[in-house]
Amino acid sequence: MERENFGSRFGVLVAMAGSAIGLGNLWRFPYLVGSYGGAAFIFVYIFCVFLLCLPIFISEVTIGRRSHSNAFGAFKKLAPGTKWKWLGAVSVVTPVIVVSYYSVVGGWSVEYFLKAVTLEFTTGMSRSEMGMMFGKFISSVWSPLIGHTIFLLLTAFIVISGVKSGIEKFGKIMMPLLFVLIIVIAVRAATLPGAGEGLKYLFQPDFSKIDASVCAAALGQAFFSLSLGVGTILTYGSYVKKDENIIASSTYTASADFIFALLASCAIMPAVFAFGLNPQEGPGLVFETLPFIFSNMPLGWLVAILFFLALIVAALTSSISLYEVGVAYLVEEKKYSRRGASILIFVIAWVLGCLCSLSFGPLADLKIFGQTIFNLFDKVSANILMPVGGLLLVIFVGWVMKRADVIDEMTNGGRLKGNLWISGFVYFLIRYICPLAVVAVFLSALIF
Ligand code: PHE
């Protein structure tokens, strides 16, 4: 059977940006900015994204396009008979773990979107009542499970439709919509009386706040936000046609992801300051603080609907990229049909996701290594599997693949003349700087 490709340059871009832009931008980035000192965190984050993670992103696309295979098959093809196939195996398992807890939070977004549509946030509840409402919701049994199921079904449905007519088509419609939504919300937030303090917090860095923990958090977030180290960008890279410029597409994707994260912060922080609330709210920022703000601001009901719609769309385009990794593996290596593979991944991710969801309620006391199941999945994947996966991947491209092959892939066999010197520089970053810096940042976070 002919292997599918993304149909157009714009298609590649929206699919990759769709994977990168997700809950990481709307939910995780703003609360990390709040917890790690505002502009100083953003400053470090810029270095992490463009100097360290962008080369890793290009490495993943390079492996994918060179091998024209799924995450497992790629290493078998490029380094036959070696232990690298184990990296391929981990790259197939990790996204299934991530999609299972990701779709639980996706399910919360579905529930909060419905609450926004039915005008539940317009009653002028207090901040603590909002907190209680969220706590009661996630610790209950059925509502979050229903949300999780709906979200995962939507994901499966898009993936079953195929790479071009499912993933690419969905991205082409939804990604532009997403940018429009977030810009509208950011403009509304930035024009609230008292919003200036929030903008200052985002754009005036206090460099004394930078320490090892800020660097580690920024690098971890950059990995998460660019979808690195879990086989997704590799798999999408394998659908990129041979005449695409992979350095350019990767740079556009990283830039779009960064701009979106900034816009999301501009949509949230000014409002937090305008209402005199604490920016260091942590993970509850989006589901507790924001609904409180929405319920108290002019036109808040409409902003709430738009915001939670954006959250669902952003989360969906990311979860389909996670889902596709396992499907591509099952179809190509195990000869499943696309539908059969999607159903199998659905069942595994649904069961694991149910356990994650229940770990806020009935299974709250079940602790593994001192963590609830949800936290364990989140911590192990974001703090260990993704950075270690990304590190090994970049070592693979920098030290196992031949330099000539890597440069060949980045310059389309020398035809992209403009990429000739830049690919040498990117290769230098991939071979020396990225592995060293990633190890240094994580070791320093462990030691200090
Ligand atoms: N990048 C996505 C986000 O920011 C999350 C993700 C991680 C998606 C890993 C795919 C792979 O929400």
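## Briefing: a ligand, a cavity and a pocket

The lining of the largest cavity holds eight nonpolar residues, eight polar residues and no charged ones. This is a predicted model. The ligand sits in that largest cavity.

**The largest cavity**

- The count of cavities of 30 Å³ or more comes to three.
- The largest cavity holds about 130 Å³ of space.
- Its lining is made up of 16 residues.
- Ser-19, Tyr-102, Phe-224, Ser-227 and Leu-322 are the lining residues that lie nearest the centre of the largest cavity.
- Five helices each supply at least two residues of this lining: H1, H2, helix H5 (85-117), H10 and H14.
- Which helix gives the most to the lining of the largest cavity? H14 does, with three residues.

**The shell around the ligand**

- There are 16 residues around the ligand.
- Ala-20, Leu-23, Gly-24, Tyr-102 and Phe-224 come nearest to the ligand.
- By class, the shell has seven nonpolar residues, nine polar residues and no charged ones.

**Polar atoms facing the ligand**

- Ser-19 places a polar backbone atom 3.2 Å from a nitrogen atom of the ligand.
- Tyr-102 uses its side chain: a polar atom there lies 2.6 Å from an oxygen atom of the ligand.
- Phe-224 has a backbone N or O atom 2.8 Å from a nitrogen atom of the ligand.
- How much of the ligand does the protein bury? Taken alone, the ligand exposes 320 Å², and the protein buries 100% of that.
- Helix H1 (9-20), helix H2 (23-35), helix H10 (212-225) and helix H14 (300-333) are the elements that give two or more residues to the shell around the ligand.

**The largest pocket**

- The volume of the largest pocket is about 740 Å³.
- The lining of the largest pocket counts 30 residues.
- Arg-28, Asp-378, Lys-379, Ala-382 and Asn-383 lie nearest the centre of the largest pocket.
- H2, helix H6 (127-139), H10, helix H16 (373-400) and helix H18 (420-447) each supply at least two residues of the pocket lining.
- H16 provides the largest share of the pocket lining, nine residues.
- What classes of residue line the largest pocket? There are 21 nonpolar, six polar and three charged residues.
- H2 and H10 supply residues to the lining of the largest pocket, and H2 and H10 supply residues to the lining of the largest cavity as well.

How values were computed. Residues are numbered from 1 along each chain as its sequence is written. This is a predicted model: local features need pLDDT of at least 70, side-chain atom pairs count only at pLDDT 80 or more; totals for chains, interfaces and linings use all residues. Side-chain values use heavy atoms; hydrogens and water are left out. A residue is near a molecule or strand if one of its heavy atoms lies within 4 Å of it. A polar contact is a pair of N or O atoms within 3.5 Å; within protein, one must be able to donate a hydrogen and the other to accept it, and residues adjacent in sequence count only if both atoms are side-chain atoms. Accessible areas come from the Shrake-Rupley method with a 1.4 Å probe; for residues, only the protein chains shown count as cover. On a 1 Å grid over the protein atoms alone, a cavity is a set of points where a 1.4 Å probe fits but cannot get out, and a pocket is an open set with protein on both sides within 12 Å along at least five of seven lines; lining residues have an atom within 4 Å of a point. A molecule sits in a cavity or pocket if more than half of its atoms lie within 2 Å of its grid points. Helices (H or I, at least four residues) and strands (E, at least two) are DSSP runs, numbered from the N terminus. Ala, Val, Leu, Ile, Met, Phe, Trp, Tyr, Cys and Pro count as nonpolar, Asp, Glu, Lys and Arg as charged, and the others, Gly among them, as polar. Grid points are joined across faces, edges and corners, and a volume is the space filled by probe spheres set on the points.
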